[in-house]
Each structure stands twice: as C-alpha cells, then as structure tokens.
Amino acid sequence: MKKERFFILFLWIGLSLLYMLPIVDLTGWHVALIRGDDYPFHFARIFGVMDQLKDTGHTQAIAKFGEHDIFYGANIFYPTLTTVLPIALLSFVFQSVIGGVYGYLFLMNLLTFYIAYKCAKYISNIALSQINMRAKQYLPFIFSFFYVFSHYRMICFYQRFDLGEFFVLTMYPLVFAGFYSILKDNGTKKYWLIGGLALISYSHILSLMLAVVVLAVLFVVSLIKKMITTQVFKQLVFSAVMTVLLSFGALAPIIYEMFTLHIRSVRIHDLASEAANVGVMLASSSVNYLSYMSIGIVLLFTLIIGVYQVIWKKESFVRKNKLLRLCLWVSLVITLMMTSVFPWHLLQQTPLSIIQFPFRLMPFLSVFGSFLGAAILADSLSQVTTLSRKRVILGLSVGILIMSTLSVNSLMIRRSLNKLMYSKQDIVTTRRYERSVNKDYFPAGLTDEQTKRIKDKIGQVNQEEVPMPYQFKRHAAIIELTLTDPTNTVITPIIGYSGIVVEDEHGRRIKTTLSSERTLSFQLPKGDYQLSIYYDPPFLIKYSMVFSGILALFYSVYVVKIQKRDLPQP
C-alpha cells in the first residue's frame with residue numbers, strides 16, 4: 001500500500017513538472033512564458049505586490065499598478081491571496097518572476113491532481129455502485145488526468161494567463177463533490193463545498209458568481225426531482241451562510257467600495273457575437289486546437305460516446321446511472337450554450353451578461369465532462385483483464401502528456417517563438433505591457449478625456465490643468481505642489497477610494513472630498529507642499545479578513561474534530 005502511494009505521488013510530481021515541458025528551452029534549460037491575453041494585468045499586480053512586500057512587508061489593496069504607476073485599487077476587486085501573493089513570494093525564492101510563476105503552476109497542478117482524485121473517488125463510491133471494482137479503481141486516476149490536462153486549464157494558463165480562473169479550476173471539483181455530499185451523503189463533505197467556494201471568493205469574484213448560478217440550477221433540478229428534504233435544505237442554508245462569513249474578507253472590501261465609489265466595472269461584450277460557430281467548434285476540437293472555440297478532443301469524444309450509449313446502447317451503464325446521465329446532459333447543455341445556436345441575445349440585458357464571453361462556461365464542462373469521460377474509459381479498460389493498473393496509469397499519462405504538449409507547441413508557433421518572455425525585463429519592455437491600463441475599476445461615467453487625465457497624472461489647480469506626476473515611497477504616493485494663490489482648490493489625478501488619506505510633510509491630515517471626476521480634491525493655502533497619499537482601510541475592510549481568518553481557523557478545528565469522531569473504531 002505504501003509503495004503504491006509513493007508511486008502515485010511521484011507520478012503526480014512528474015506530470016506536474018512535465019506540464020510545463022512545451023515551454024522549456026532545452027538549449028539553456030530555462031522556461032519561458034507565452035504572451036497570454038491577460039499577462040499585462042496580472043504581471044502588473046505581481047510586480048506591485050513584490051514591491052509592497054519589499055518596501056513594507058505586507059500587501060495593500062490600493063497601490064501602484066502597471067507601467068504607468070497609477071495609484072489604483074485593482075487588488076480590492078481582484079484579491080491577491082491565492083494567486084498573486086504566492087507567485088510574488090515564490091519569485092523571491094527563485095529570484096525570478098518566471099520561476100515564481102512556474103513554481104506556482106507546479107504546486108497548483110499537484111494540488112489539483114490530489115483534489116480531483118479524492119473527489120472522484122468519493123463520488124464514484126457513492127454513485128457508481130453498479131460498475132465493477134476495477135473500473136472504480138481506474139476512475140479517480142483517469143478523472144485526475146483528464147481534469148489536470150483539461151483543455152480549459154491549458155487555455156487559462158498558456159493562452160489567457162488568467163491566474164484567477166486557473167486557481168478556481170482547482171476548487172471546482174471540491175465545490176460539486178461537496179454539493180453532492182449534501183444531497184446524497186448527509187453532508188459529510190459539505191465543508192468541501194464551503195471551503196471551495198470561500199477560496200474561489202479570494203481568487204476570482206466572477207467565477208464565484210458563475211459557480212453560485214450553476215449550483216442554483218442544480219438545486220432547482222434537485223427540487224424538481226424531490227431530492228431536497230428538510231435536512232438537505234438546512235445543510236445548504238448552513239453552507240451558504242458559512243461561505244459568506246468565510247468570504248467576508250474578500251467580499252466586504254468590494255461591496256464597501258462599490259457603495260462608496262461608483263465603479264465602472266468590467267466591459268460588457270455582445271454575448272451572441274462572442275459565441276462559437278458550431279462547425280468551427282467541432283473542427284477545432286477534433287484536432288485539439290487550443291483556442292476559445294474548442295472544447296478539446298477528449299471532451300468531444302466523451303460527448304459523442306455518451307450520446308451513443310444513452311440513445312443506442314440500452315444496457316450501457318451511462319444510461320442506467322442517474323449521475324452519469326446528469327453529467328451528460330449538463331455537458332451537452334453547456335456545450336450548446338457556448339455556441340451561436342444558443343439564443344444569447346435574450347440574456348444580453350440580464351446580469352448574466354457580466355460573464356463577457358460564453359466560453360467562461362467551459363470550466364463546468366471540464367468538471368462534468370471529465371467525470372463522464374473518466375467513467376466511460378474506466379469501464380472500458382476494466383473489461384481488459386490483462387491490463388494492470390500501473391500500465392493503464394502510465395499509458396494514459398504518456399498519451400495525455402503527448403497530446404497536450406503538441407497542443408501547446410502549436411499555440412507557441414502560432415504566437416511566434418521569438419515573442420516568448422524569459423525574464424521580468426522581457427515582460428516590462430513589451431509594447432502591450434507598456435501601453436496597458438486596466439480601466440475596469442475606474443469611476444463610472446468618466447469621459448475619455450477624464451480617464452486620460454487619471455492615466456497621465458494630470459490634476460487641476462483652481463480649474464486649470466496641472467501636471468501632477470507622483471512617485472512612490474514605501475506605501476505612499478508623493479505629490480509635490482507649489483501653490484501661488486491665497487486659496488487653492490486642488491483636484492488630484494488619484495481615484496478617491498474609501499480609506500485614502502492625504503497628509504502634508506508634517507504628518508497633518510488634510511480634509512478631502514470627491515471631485516466631479518471621483519478623484520481626490522481638497523483646499524490648500526499658498527505654499528510649497530510635499531503631500532503623502534496612502535491607503536488606510538476603513539474599519540470594516542481592515543478587520544473583515546481578520547474575522548474570516550479567525551472563523552476559518554475555528555471551523556477547520558471543528559471539521560477535523562468531527563472527522564476524527566466519525567472514523568471507524570478499531
């Protein structure tokens with residue numbers, strides 16, 4: 001048993017390392033990064049957090065951001081706890097931000113292998129009683145391989161460089177296994193649902209919203225099927241309340257700032273125009289093309305075989321098993337919703353339009369489709385009695401590794417090999433990084449000219465435009481002003497988030513208001529000033545993380561105690 005565990009662990013470690021094989025430069029034995037679509041935003045935050053840690057020893061929600069060094073609240077709305085902060089710390093360890101990114105990738109792959117395996121093993125033991133023991137043994141391994149190397153995970157890292165969604169994908173199996181536990185197993189694993197959703201809230205708020213929507217749909221389906229008893233409903237309410245309390249540290253700052261400063265928020269896209277053409281999706285998926293219009297060859301074949309087994313194979317275990325049928329129908333619905341066949345124009349004016357792109361539904365397809373595919377393949381392989389489990393696992397590992405490597409290499413060639421990034425210098429000198437200014441969280445309603453003034457650090461003194469370049473010293477932005485009139489109204493180019501403080505060179509606080517552009521404004525008499533502007537979180541924000549952290553500690557101790565109590569006695 002111990003030998004088998006070591007074999008599994010070393011296999012996962014090996015595969016987690018080989019995941020980055022496509023971008024290893026074998027001539028110099030170092031790794032590179034493809035210029036993913038979102039790399040300027042995330043690297044700006046990584047570099048900002050690294051500077052904060054060096055200067056102050058802690059991170060801040062509002063700090064300098066990007067090549068333009070805008071004093072900006074991106075970290076309020078896009079938490080750093082599970083993504084940017086670990087990468088920043090690893091970058092210090094490896095003395096390289098690229099090394100930090102790949103250290104994080106390795107650890108996340110290893111964690112995803114473990115979570116996917118545990119969740120699949122738990123669910124298959126409850127829901128797949130009719131399949132043979134060999135298939136039950138194969139299924140968790142196959143699901144973990146399919147899920148870790150799933151098409152959307154590779155898109156998130158290699159094509160998009162979306163750190164938030166990449167981390168969230170690690171949590172989704174926990175979320176749905178925990179939800180299933182409440183429905184079928186008296187909530188013995190409901191802490192998976194609670195912990196998974198809470199960690200998602202500290203990573204990517206949009207993913208949290210989507211997960212809640214999908215869970216709500218599954219709840220309605222369960223209600224229709226009369227699976228929601230009083231006990232189940234109580235467990236779900238408890239899970240929802242506990243999730244909100246544990247997520248308070250991430251949600252409180254966002255909600256507080258959105259109430260006190262009207263935020264522009266993410267740009268809404270035309271969902272119908274962003275949906276995939278069915279023919280393009282089928283063609284790109286069949287060659288495992290790494291793009292937003294592809295679900296990958298594994299999921300494509302899973303859906304085809306699943307439909308065949310349900311419609312034409314009357315004795316198939318997919319047709320007989322309720323969970324596998326649900327996985328198939330959910331996967332088919334999500335796939336349909338990703339295409340232009342689905343009437344997205346009917347949902348354009350609903351809150352769902354905030355998802356921006358229909359391909360954001362693919363993570364849920366990855367969960368349900370990968371489980372279905374793992375069950376189908378496990379059942380088929382279990383029929384071959386001459387195959388040992390080690391051979392199956394090693395053969396599957398090699399096959400899926402080759403397939404994913406070819407997909408990423410194709411992406412690298414398409415994006416030009418001479419545009420790979422090997423160091424921080426390669427990142428900050430790219431034209432896109434230098435020009436990027438994420439304006440999602442600027443005040444709403446600004447004109448292009450007003451937005452440009454914030455970006456270019458142009459303020460006003462007595463209604464006349466004045467350049468106000470500011471530099472950063474430790475945790476503060478420093479503005480130097482020379483005022484000649486007896487009384488002066490100063491409008492800075494710094495956005496007025498709640499908690500921003502302005503002090504003069506003597507440490508005296510200056511009373512501020514919000515200008516019509518929602519930037520900091522104040523009155524000053526004639527004189528020379530060196531103003532220090534920094535973020536001092538309001539009480540609610542300052543202690544929201546402390547509250548959630550203490551609650552998480554107590555809840556973790558409680559869960560461990562309950563688990564030990566429920567262990568079978570010798």
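Reader: What are the ground rules on numbering and confidence?
Author: Residues are numbered from 1 along each chain as its sequence is written. The model is predicted, so to speak of local features takes pLDDT of at least 70, side-chain atom pairs count only at pLDDT 80 or more, totals for chains, interfaces and linings use all residues, and side-chain values use heavy atoms, with hydrogens and water left out.

Reader: Pockets, then. How much space lies in the largest pocket?
Author: About 1400 Å³. A pocket here is an open set of points on a 1 Å grid over the protein atoms alone, with protein on both sides within 12 Å along at least five of seven lines. A cavity is a set of points where a 1.4 Å probe fits but cannot get out. Lining residues have an atom within 4 Å of a point. Grid points are joined across faces, edges and corners, and a volume is the space filled by probe spheres set on the points.

Reader: Which residues lie nearest the centre of the largest pocket?
Author: Val266, Gln356, Arg360, Asn438 and Asp440, out of 47 lining residues. Helix 2 (39–56), helix 10 (205–224), helix 12 (248–260) and helix 21 (431–435) each give two or more residues to that lining. Helix 10 gives the most, with 5 residues. Helices (H or I, at least four residues) and strands (E, at least two) are DSSP runs, numbered from the N terminus.

Reader: What is the lining of the largest pocket like by class?
Author: It has 28 nonpolar, 7 polar and 12 charged residues. Ala, Val, Leu, Ile, Met, Phe, Trp, Tyr, Cys and Pro count as nonpolar, Asp, Glu, Lys and Arg as charged, and the others, Gly among them, as polar.

Reader: Back to Gln356. Where is it?
Author: Gln356 sits in the loop between helix 17 (322–337) and helix 18. Gln356 is not a glycine, yet has a positive phi of about 75°.

Reader: Is Gln356 buried or exposed?
Author: Gln356 counts as buried because its relative accessibility is 11%. Buried means under 20% relative accessible area, exposed over 50%, partly exposed in between (1.4 Å probe, protein chains only).

Reader: And closed spaces? How many cavities of 30 Å³ or more are there?
Author: The search of the whole structure finds 5. The largest cavity has a volume of about 160 Å³. It is lined by 17 residues, with Phe149, Ser150, His151, Asn288 and Val298 nearest its centre. By class, that lining has 10 nonpolar, 7 polar and no charged residues.

Reader: Which helix gives the most to the lining of the largest cavity?
Author: Helix 19, with 4 residues.

Reader: What does helix 19 pack against?
Author: Its buried residues pack against helix 1 (2–18), helix 6 (133–148), helix 7 (151–160) and helix 18 (362–382). Contact means heavy atoms within 4.5 Å. Val392, Leu396 and Met412 are among the buried residues of helix 19.

Reader: What span should helix 19 have?
Author: Its 26 residues (389–414) should span 38 Å at 1.5 Å a residue, and the end C-alpha atoms are 38 Å apart, which agrees. The expected span is 1.5 Å times one less than the number of residues. Helix 18 has 21 residues and reaches 29 Å, close to the 30 Å expected. Of those 21 residues, 19 are buried.

Reader: New topic. How many bridges pair strand 8 and strand 11?
Author: 13, in the antiparallel sense, with strand 11 at residues 519–535. Ala477 stands opposite Ile533 in strand 11. Two strands pair if DSSP finds at least two bridges between them.

Reader: What else does strand 8 join?
Author: Strand 5 (residues 458–461) is joined to strand 8 (residues 476–495) by 2 bridges, antiparallel. Strand 7 (residues 471–473) is joined to strand 8 by 3 bridges, also antiparallel. In strand 8, Ile491 is the bridge partner of Gln460.

Reader: Which residue of the hairpin of strand 7 and strand 8 takes a positive phi?
Author: Arg474, near 55°, in a hairpin with 2 residues between the strands.
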